[in-house]
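Please look over the structure shown below before reading on. The briefing that follows takes up its features topic by topic, beginning with a sheet.

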Amino acid sequence: MSENLYIGADIGGTTIKVGICNERGDLLQTFEGPTETDQGTDRILSNIADYARKIVSESSHTWEQVAGVGVGIAGFMDIPKGFIKFSPNLPLNNVPLKDYLEAALNKKVRINNDANVAALGEAWGGAGRGVSSCVCYTLGTGVGGGIVVEGRLIEGFSGMGGEIGHMSVVPDLEAIQCGCGKMGCLETVSSATGIIRMAKDAVDRGDRTALSVFETLTAKDVIDAAKSGDEVAQRIVSRAAFYLGKSLAAVAVVVNPQRFILGGGVSAAGEFLFAQVREVFHKYAQDKAQEGVDIVAAELGNNAGVVGAAGLLLHA
Ligand SMILES: [Zn+2]
């Protein structure tokens with residue numbers, strides 16, 4: 001008997017990436033096509049369905065082997081109903097995505113938000129392989145998060161489970177308002193955007209730093225400057241690492257995961273960042289909640305989304 005296969009689709013503003021996974025979370029094949037956002041809602045929906053069929057027809061597998069299709073997408077949604085209420089970067093508002101795809105593909109369909117899906121991808125087929133409980137952080141433009149406990153993705157009462165980027169960690173005196181409207185969220189300091197903002201503030205204040213020569217700063221510029229000894233840049237990266245480490249310590253006593261997985265652009269700073277995060281974590285986390293717990297780098301990179309989307313059929 002041939003094994004069951006799962007298709008994952010990662011819907012971005014410019015491209016839709018689809019992948020085929022087996023039951024163990026191995027990514028067997030990927031395909032990428034344009035989202036065609038400018039062509040409107042119907043075209044986006046038909047593209048998702050077309051690419052899902054295309055990746056199978058161009059593979060050595062059969063459509064009958066496909067046990068289901070999972071979709072990861074940025075936005076606010078009713079996860080059980082698979083209904084997209086609003087998407088920040090796509091013309092998908094009040095769209096019954098799950099119903100549409102189930103009718104178009106005649107397969108079981110599950111959807112979830114992109115951060116949860118990326119976390120599940122890492123937990124199932126990436127750095128969390130073999131670990132039943134882990135918490136993932138994606139340190140990019142924002143801070144995305146996802147919690148997998150005993151192989152299940154935690155969605156929460158209203159889909160807000162795992163929104164670690166909006167954990168309020170910065171004290172009021174130093175806090176700024178987050179994009180979500182609240183004060184002091186982790187993502188205001190530990191995302192690429194947060195790091196760039198702190199660097200710009202330092203330059204504007206007239207701090208003596210190599211960063212003042214840049215016309216447009218990136219988080220990588222700040223991290224590289226910190227690595228080469230720039231004290232202002234080091235202070236900024238340490239601050240990002242400090243609040244990250246403190247949030248891990250808080251999550252450790254709530255979820256008690258075996259592993260923390262850090263991915264996204266900022267995590268490319270590597271050991272320079274990880275060592276600081278571990279130090280803060282070990283200082284603040286309860287002894288029993290940190291015993292045997294490791295903090296590792298994500299492994300799947302841009303494929304985490306398709307792997308996790310495919311995994312929704314088995315883990316949601
Ligand atoms: Zn927030």
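In this predicted model, five strands form an open sheet in the order β3-β2-β1-β4-β7, and the pairing within this sheet is mixed. The edges of the sheet are held by β3 (27–34) and β7 (109–113), and because each of these has a single partner strand, one side of each is left without a neighbour in the sheet. On average, and with direction ignored, neighbouring strands of this sheet are turned by 20° against each other.

**How the strands pair**

- Strands of a sheet pair through backbone hydrogen bonds, and this pairing can be either parallel or antiparallel.
- The antiparallel sense is found between strand β1 (residues 5–11) and strand β2 (residues 15–21), which are paired over six bridges; I7 has I20 in β2 as its bridge partner.
- The parallel sense is found between β1 and β4, which are joined by seven bridges, and here G8 stands opposite G70 in β4.
- β4 also pairs with β7, again in the parallel sense, over five bridges, and the bridge partner of V71 in β7 is I111.
- How much of β4 is covered? Seven of the eight residues of β4 are buried, and the strand is therefore described as mostly covered.

**Helix α10 and its partner α3**

- Two packed helices are described by the angle between their axes and by the distance between the axes.
- For helix α3 (residues 114–125) and α10, the packing angle is about 80° and the axes are 7 Å apart.
- Angles of 65 to 115 degrees count as roughly perpendicular, and α3 and α10 are therefore roughly perpendicular to each other.
- Among the residues of α3 that take part in this meeting are V117, L120 and W124, while the residues of α10 include V307, G311 and L314.
- Eleven of the twelve residues of α10 are buried, so this helix is largely enclosed by the rest of the structure; among the buried residues are A304, G308, L312 and H315.

**The zinc site**

- Which residues coordinate the zinc ion? The zinc ion is coordinated by H166 through ND1 and by C178, C180 and C185 through their SG atoms, at 2.0 to 2.4 Å.
- The angles among the four donor atoms run from 105 to 121°, and the site of the zinc ion is tetrahedral.
- Along the sequence, the donor residues of the zinc ion follow the spacing H-x11-C-x1-C-x4-C, and both C178 and C185 are buried.

**A buried loop residue**

- D230 lies in the loop between α6 (219–227) and α7 (231–254).
- Is D230 buried or exposed? Residues count as buried under 20% relative accessible area, and D230, at 12% relative accessibility, therefore counts as buried.
- Leaving aside residues up to four places away in sequence, D230 touches T209, A210, L211 and A225.
- D230 and L211 are 19 residues apart in sequence, and their C-alpha atoms are 8.5 Å apart in space.

Note on methods: Residues are numbered from 1 along each chain as its sequence is written. This is a predicted model: local features need pLDDT of at least 70, side-chain atom pairs count only at pLDDT 80 or more; totals for chains, interfaces and linings use all residues. Side-chain values use heavy atoms; hydrogens and water are left out. Two strands pair if DSSP finds at least two bridges between them. Helices (H or I, at least four residues) and strands (E, at least two) are DSSP runs, numbered from the N terminus. Axes are lines fitted to C-alpha atoms, for helices over the stretch in contact, and angles run from 0 to 180 degrees between N-to-C directions. Donors are N, O and S atoms within 2.8 Å of the metal (3.2 Å for Na, K and Ca); water is not among the atoms, so sites may look incomplete. Four donors count as tetrahedral if all angles lie between 85 and 135 degrees; four count as square planar and six as octahedral if opposite donors are over 155 degrees apart and all others between 65 and 115; anything else is irregular. Buried means under 20% relative accessible area, exposed over 50%, partly exposed in between (1.4 Å probe, protein chains only). Angles under 35 degrees count as roughly parallel, over 145 as roughly antiparallel, 65 to 115 as roughly perpendicular and the rest as oblique. Contact means heavy atoms within 4.5 Å.
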